[in-house]
Every structure is written in structure tokens, then in C-alpha cells.
Amino acid sequence: MNAISNSAIYFRIAITALLCLMGFVFQKNKVVSSFQMIWITILTCFNTQSADWLANFGIYQSAYQYNGFLGSMMRIAINKLNISFYVFNAVLSFISLSIIFFVVLKKATKPNFVLSLWMIFPLIDNIIQKRYFWAFGIVVLALYLLFYMDNKKVAFIYYELLIFLTNGIHNSYVVFFVLPFFILLSRKQQISLVSIIICLGIILHSRLIFIADRLLTSLDTKNALYLGNTSNSPILAILVWGTWQLAQCLIIYFLYKDQDSNYKNIFINTNIFFLMLIPLYAFDPVFMKCFRPMLVFNYI
């Protein structure tokens with residue numbers, strides 16, 4: 001991995017900023033959207049300078065130690081296809097991006113506006129957290145089916161199967177398993193449940209790692225990594241990131257509340273569901289990534 005010059009960094013930032021601005025100005029122009037998607041693909045699929053590159057490269061080199069879906073994919077890529085981690089990452093990232101672009105182009109009335117918001121956030125995090133992003137598009141597809149399929153029973157089955165698949169790549173998607181059950185509750189029940197969980201999460205802050213170890217026994221290493229240390233400013237972290245997420249929930253609510261839309265309740269309910277993440281921001285804002293796939297639909 002070679003060091004990148006400051007001039008190259010500034011050039012890439014300038015291109016990103018320009019395309020972002022163009023997306024806000026020309027919100028439906030297909031030429032602009034094409035350039036945006038190409039640039040996002042280049043940055044996401046071919047970046048080797050991110051903080052997690054070496055860690056993910058190490059995982060790839062030790063593929064024989066990993067079971068499940070990801071382990072199988074890596075072993076096939078190494079032993080049968082003989083491809084490098086550079087190619088492996090590019091292919092999986094491209095598949096994930098293709099699903100996201102499909103959803104944006106199909107459902108957004110102003111796709112360039114959505115892609116511009118994507119470039120502001122979470123583009124950078126998705127470039128850095130490569131293994132997380134490999135499954136990102138699958139989760140977006142699962143949410144797409146859950147939201148838009150007319151046959152909700154079939155949608156539920158597809159959704160749970162896809163979420164099961166993503167957890168074979170990254171365990172942080174485990175929270176998505178319970179989403180379909182949550183959205184079946186009444187709005188009053190949802191708000192009550194979320195309020196109780198947020199309060200308990202704050203009150204039991206120091207005991208959360210103990211509780212997680214008992215409930216998620218197979219993830220004890222991850223529990224220690226993410227819940228073992230509290231943020232330097234836990235109250236500030238909750239206020240900042242909690243306010244950011246609550247604001248999105250309220251925006252979605254006020255955008256949809258007076259609309260005669262088949263999807264308004266499921267979008268509002270899903271945003272309410274993810275408010276349960278707020279107590280976890282006291283440990284690390286990285287927990288925000290659990291909410292990140294929903295950003296695609298909020299932006300749309």
C-alpha cells in the first residue's frame with residue numbers, strides 16, 4: 001500500500017464536492033447521475049488507503065480460519081479463482097453498490113439529490129469499513145423487499161433469509177432480524193418499547209457488556225471490543241448522535257404524516273425502531289452503522 005500525495009487527496013475531494021454540488025443543482029439529469037455513480041464506484045471499489053484495509057486484508061489472508069458464508073467466499077476466491085484481495089473487495093463492493101444504485105434509480109424522484117447526500121454521508125464510512133459494506137447492499141435489498149413487496153408474507157421470508165446471509169459476512173446486522181416484528185406493533189406500543197429500551201440502556205450503561213455476553217454468547221469478542229470502553233464524553237455522544245437520528249425520524253414523520261402513501265407507516269416505524277441504538281452511542285458512534293442502510297430510504 002503506497003502513500004498517497006496531498007495533491008491527489010485534494011483532487012479527489014474536489015471532484016467529489018463538484019459532483020455533489022451538481023447533484024443538488026441538476027437533481028434528475030441522467031448524465032450527472034452517471035458521473036456520480038461512476039465516481040462513487042471508483043472511490044468505493046478501488047480504494048486501498050483506508051484505515052481498515054490492512055485489517056481486512058489480514059482476514060482475507062487467513063480465510064481458512066473463518067466459517068460461514070464469508071469464509072466460504074474467501075476460500076473459493078483464493079483457492080479456486082486465485083484472485084487478490086484487491087479484486088475480491090472490488091467485486092463485492094461493486095455488487096453492493098449496484099443494488100443501492102438500483103433502489104435509488106427505481107424509487108427516487110430526484111436520484112442525483114439522493115446520491116449527493118450519499119457522498120456527504122455515509123460514503124466515507126463505507127469506503128473505510130469494507131467488510132461491513134460487502135453486506136450493505138444485501139440489507140438494502142432486504143429492506144426494499146420488506147417495504148415495497150405487496151405480498152408481505154413472502155417479503156418477510158425473503159427479508160429474513162437475506163438478513164441471515166448478511167450476518168454470515170458481518171455480525172452487526174443481527175439487529176435487523178427483529179425489525180419485521182417491531183413494525184407489526186401499534187405506534188403507541190412502538191414508542192413505549194423504544195422509550196423503555198433507551199431509558200434502560202442509559203440506566204444499565206455499565207452493565208450492558210455483561211448483558212450482551214449472556215444474550216450473545218457467540219459474540220463475546222465483539223462485545224468486549226464495542227462495549228468494553230465508554231466514550232470520553234458519553235453524554236455528549238448521546239446528545240449529538242441521538243439528536244441527529246431523532247431529527248431524521250421526525251423529518252420522515254412530518255414528510256409523510258399528511259400523505260396518502262402505502263409506505264408512510266413502515267418508513268416511520270422503521271425509523272422509530274432504530275432509535276433504540278441511541279444508548280449505544282455512549283460507547284462508540286460506530287453503532288450508527290446499524291442505522292446506515294436506512295439512510296438510503298430516508299434520502300429517497
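Contact here means heavy atoms within 4.5 Å. Keep that in mind as you work through these exercises on a predicted model.

**Exercise 1.** Find which residues of α2 meet which residues of α6, and work out how the two helices are oriented.

*Solution.* 
- Start with the contact: V32, S33, Q36, M37 and I40 of α2 meet N112, L115, S116, W118 and M119 of α6.
- Sort the residues of this contact by type: six are nonpolar, four are polar and none is charged.
- Now look at the axes. Those of helix α2 (residues 30-45) and helix α6 (residues 111-120) come within 10 Å and cross at roughly 25 degrees.
- Angles under 35 degrees count as roughly parallel, so α2 is roughly parallel to α6.
- Finish with the handedness: α2 passes α6 in a left-handed crossing.

**Exercise 2.** Describe how α5 packs against α8.

*Solution.* 
- Helix α5 (residues 85-107) and helix α8 (residues 130-148) have axes 8 Å apart and pack at an angle of about 25 degrees.
- That angle makes α5 roughly parallel to α8.
- The crossing of α5 past α8 is left-handed.
- In this contact, 16 residues are nonpolar, four are polar and three are charged.

**Exercise 3.** Decide whether Q190 is buried or exposed, and find what its side chain reaches.

*Solution.* 
- Locate Q190 in helix α11 (residues 187-203).
- Its relative accessible area is 0%. Buried means under 20%, so Q190 is buried.
- Leaving out residues up to four places away in sequence, Q190 touches F182, I183, L185, N269 and I272.

Note on methods. Residues are numbered from 1 along each chain as its sequence is written. This is a predicted model: local features need pLDDT of at least 70, side-chain atom pairs count only at pLDDT 80 or more; totals for chains, interfaces and linings use all residues. Side-chain values use heavy atoms; hydrogens and water are left out. Axes are lines fitted to C-alpha atoms, for helices over the stretch in contact, and angles run from 0 to 180 degrees between N-to-C directions. Helices (H or I, at least four residues) and strands (E, at least two) are DSSP runs, numbered from the N terminus. Angles under 35 degrees count as roughly parallel, over 145 as roughly antiparallel, 65 to 115 as roughly perpendicular and the rest as oblique. A crossing is left-handed if the near helix is turned anticlockwise from the far one by less than a right angle, and right-handed if clockwise. Ala, Val, Leu, Ile, Met, Phe, Trp, Tyr, Cys and Pro count as nonpolar, Asp, Glu, Lys and Arg as charged, and the others, Gly among them, as polar. Buried means under 20% relative accessible area, exposed over 50%, partly exposed in between (1.4 Å probe, protein chains only).
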